[in-house]
Amino acid sequence: MMHEHGKSDRCVVPTKPPNKGASESRQGPAREMPAEAVEGRRLAKSNPHQRTMFRTQRRARMSPDLERIRQAASRDRKMQFTALFHHVYRLETLRRAYFSLNPKAAAGVDGVTWQQYGEDLETNLQDLAERLKRGAYRAQPTRRTYIPKADGRQRPLGVTALEDKIVQAALVEVLNAIYEVDFLGFSYGSRPGRSPHDALDALSVGIVRSKVNWVLNVDICGFFDAMIHRWLVTFIEHRIADRRIVRLIQKWLTAGVLEDGKHIHSEVGSPQGASVSPLAANIYLYYVFDLWAHQWRQRYAQGDVRLVRYVDDIVVGFEKRDDAERFQEDLQQRFAKFGLELHPEKTRLIAFGRFAKERRRERGLGKVESFNFLGFTHISGESRRGRFQVERRTIAQRFRTKLAEVKGELRRRMHLPVPVQGAWLRSVVLGHYQYYGVPHNAKALQRFRKEVARLWQRSLSRRSHKGYVTWERMKRYVDKWLPVARIYHPYPEERFGVMTQGRSPVR
């Protein structure tokens, strides 16, 4: 099943590794990658009843076959896998992939919806498995559509044909067994058992517990449209020697995009929305950024360096400004080699941390600058006891964009019964709380509820020229249907400590 061309390495992750390992010289490359500070402990031995479980920050079920692949990948970080394709076209794998898809997702160029495919699911999956097995499967072009971004621009989104989604999801499940062993601890995006709030917690804890005085907020220009296919395939071939797997990925990359009736082929990019794109993005940036950044901080950094990446959203904290400026310059050159470019306006180096406020006051400057990451504006703040803390607030543009969406949808639902509108608004408000309900963000949650109530009152009052709804009446609707604002997430130190201590490591 596998071909070995290197010696096996046993990975031990320290509980709190320094920037430069004690056993490594400043010039020596980092073959094995320790995690960010407080990200993990020594590998735990498997118990018999846990051998079908893949252990990250949270456990995710894994079949025995994939667990064996994971163990083999863990034993030898240079092993190349030559026989993986049969795991992809197994009926149980395809069936899991089908049920993992969003039933409400739009149809691709084939026009087949999730419900239609499921009417004769077993027959369809059997036919798909046979076509994969004999090499008759053909990837279809991705239908391109656009969705509005928070800054007013349009984000291109690829709508993949249903069978392509199924096969891609099945392949991702198989490849995750390998790459979850390889990926580093400061990478959080689109990985099993990891969420945006895990990345947010890691960033907050890293800044508070480390000597971070400068923050580099990295923004990559059109990352998903800039990945060079040739490089992506080269990176995949470092681990995957099964030519059928590589050809399958190449089929999706070369299938092209269908936009306004035109079939467009390109040698760069992977459509956002495709099931395989997040994994492809993580593989690309693992080789282009993660390994390079980890080695850079070991070789060149004079002070602490903290890294957090969520797919293409990257934040790097530095103790020394010289390190930050040199890193930014070197990163620009590194990205250029692989077809990537730093956004000149959104990539910002700012003073941030426990001493930023005091130093800016000494220089006669204004308040400490903030930065945005994963929907939150991060602010240098203080607790009631005067201790430094990172405060997170909903990004103002995201706040306005969400209210605009609610306003438009209320207009469409204007003449529905009040209970129907109320039930929908409850789900919207709850979803907002569940993501943005972090400590220090209560005022923004309360304001969101208030603004939604105001929009609802205006919508109900416009249903007829005599239908003005008073606030006394509206208050009854609000109390009944709109949940009171509450914090859903614990303080970063609490959750981050629980997830990383006494468990299997987060590398």
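## Thr142 and its contacts

Leave out the neighbours within four places in sequence, and Thr142 is in contact (heavy atoms within 4.5 Å) with Val109, Gly158, Val159, Thr160, Gly256, Val257, Leu258 and Pro271. You'll find Thr142 in strand β5, residues 142-148; helices (H or I, at least four residues) and strands (E, at least two) are DSSP runs, numbered from the N terminus. Thr142 counts as buried because its relative accessible area is 7%; buried means under 20%, exposed over 50% and partly exposed in between, with a 1.4 Å probe and protein chains only. Thr142 and Ile264 sit 122 residues apart in sequence, yet 9.7 Å apart in space, C-alpha to C-alpha.

A word on the model: it is predicted, with local features needing pLDDT of at least 70 and side-chain atom pairs counting only at pLDDT 80 or more, while totals for chains, interfaces and linings use all residues. Residues are numbered from 1 along each chain as its sequence is written, and side-chain values use heavy atoms, with hydrogens and water left out.

## The chain overall

The chain has 18 helices and 15 strands. Of its 507 residues, 52% are buried. Take the contacts between residues at least 6 apart in sequence, and 74% of them join residues at least 24 apart.

## The nonpolar core

Which residues touch the most other members of the largest nonpolar core? They are Ile166, Tyr284, Phe289, Phe327, Phe373 and Trp456, out of 136 residues in that core. Helix α11 (residues 277-299) supplies the largest share, 14 residues. A nonpolar core here is a set of buried Ala, Val, Leu, Ile, Met, Phe, Trp, Tyr and Cys residues joined through side-chain atoms within 4.5 Å.

Tyr284 is worth a click. Not counting residues up to four places away in sequence, Tyr284 touches Phe223, Met227, Ile228, Trp231, Leu232, Phe235, Phe338 and Leu340.

## Aromatic pairs

Tyr284 turns up again in a cluster linked by ring pairs, together with Tyr179, Phe183, Phe223, Phe224, Trp231, Phe235, Tyr286, Tyr287 and Phe338. The rule is that rings of Phe, Tyr and Trp (its six-membered ring) pair if their centres lie within 6.5 Å; planes under 30 degrees apart count as stacked, over 60 as edge-to-face and the rest as tilted.

By this rule there are 27 aromatic pairs. For Tyr286 and Tyr287, the ring centres are 4.8 Å apart and the planes meet at 75°, so this pair is edge-to-face. Both Tyr286 and Tyr287 are buried.

Is Asp201 buried or exposed? Asp201 is buried, with a relative accessible area of 0%. This residue is in helix α7 (residues 196-209). Beyond its neighbours within four places in sequence, Asp201 is in contact with Arg392, Pro492, Arg495 and Phe496.

Pro483 lies in the loop between α17 (471-481) and α18 (492-500). With neighbours within four places in sequence set aside, Pro483 is in contact with Arg426, Val429, Leu430, Tyr433 and Arg449. Pro483 and Arg449 are 34 residues apart in sequence and 8.0 Å apart in space, C-alpha to C-alpha.

## Positive phi

Ser190 isn't a glycine, but has a positive phi of about 55°. Ser190 is in the loop between α6 and α7 and is partly exposed, at 38% relative accessible area.

His440 isn't a glycine either, and its phi is positive at about 75°. The loop between α15 (418-436) and α16 (442-461) holds His440, which counts as partly exposed at 30% relative accessibility.
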